[in-house]
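Biologist: Could you take me through this model, beginning with a loop residue and its surroundings and then turning to the aromatic rings?

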Amino acid sequence: MKADTPALPRILLLACGALAREVIAIRDANGWTHMDLHCLPADLHLRPSLIPDAVEAAIRQRGAAYDKVIVVYADCGTGGLLQARCRDLGVEMIPGPHCYAFFDGLDAHAARAEAEFTAFYLTDFLVRQFDAFVWRAMGFDRHPELIQMMFGNYESLIYLAQTDDPALDRMAEDAAARLGLRYERRSTGYGDLPAVLSGLSAALP
């Protein structure tokens with residue numbers, strides 16, 4: 001008689017809302033039906049000091065129902081505080097300084113860091129939400145003179161494209177023009193994110 005297949009461990013992916021589309025696509029493409037996704041509001045990126053507390057609150061509220069929690073955030077401007085909090089809570093988080101790095105490829109992004117020191121990055125999410133997360137959030141709609149103050153030292157806008165969408169490409173190019181930056185598109189797909197999630201999910205404590 002054939003033995004029953006052991007149940008897969010239940011995993012909670014606790015993610016930034018800016019990554020929801022990508023994480024769902026990766027999970028579903030790999031058939032990871034044992035993973036549930038819960039997203040925190042993407043606008044926490046506008047106040048990164050709030051991210052560690054928000055992540056901890058979500059873990060304490062939801063984590064007990066799972067065998068493992070994976071925090072799908074990079075450092076995201078917390079200055080190492082999110083990594084320290086995850087370590088204290090005994091949960092794993094994906095590596096990298098920000099989502100641009102793992103979409104671009106962690107090693108490749110680090111190797112280009114000096115050459116692209118004056119680059120401003122957008123992902124698919126940030127292209128879609130450019131007005132909400134950049135234009136209005138920084139007050140450019142009301143005070144266009146702030147553009148030069150905040151972006152005067154930038155030279156280029158690099159769109160790290162997860163998908164091949166001409167409409168998003170046009171929106172990204174328009175964002176570069178509005179900021180007065182040279183435009184570049186780099187097709188990255190999901191970068192290192194699928195492999196990172198696969199590796200973390202496979203290694204249960």
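Biologist: Leaving aside neighbours within four places in sequence, which residues is Asp192 in contact with?

Modeller: This is a predicted model, in which local features need pLDDT of at least 70 and side-chain atom pairs count only at pLDDT 80 or more, while totals for chains, interfaces and linings use all residues. Residues are numbered from 1 along each chain as its sequence is written, and side-chain values use heavy atoms, with hydrogens and water left out. Taking contact as heavy atoms within 4.5 Å, and setting aside neighbours within four places in sequence, the partners of Asp192 are Phe102, Gly105 and Leu106.

Biologist: How far apart in space are Asp192 and Phe102, C-alpha to C-alpha?

Modeller: Asp192 lies in the loop between β7 (182–187) and α10 (193–202), where helices (H or I, at least four residues) and strands (E, at least two) are DSSP runs numbered from the N terminus. Asp192 and Phe102 are 90 residues apart in sequence, yet their C-alpha to C-alpha distance is 5.2 Å.

Biologist: Why is the pair of Phe125 and Phe133 called edge-to-face?

Modeller: Rings of Phe, Tyr and Trp (its six-membered ring) pair if their centres lie within 6.5 Å, with planes under 30 degrees apart counted as stacked, over 60 as edge-to-face and the rest as tilted. By this rule there are nine aromatic pairs. The ring centres of Phe125 and Phe133 are 5.3 Å apart, and the pair is edge-to-face because the planes stand at 75 degrees.

Biologist: Over the ring of which residue does the charged end of Arg178 sit?

Modeller: The test asks for NZ of Lys or CZ of Arg within 6 Å of the ring centre and within 35 degrees of the ring normal. The charged end of Arg178 is 4.3 Å from the centre of the ring it sits over, that of Trp135.
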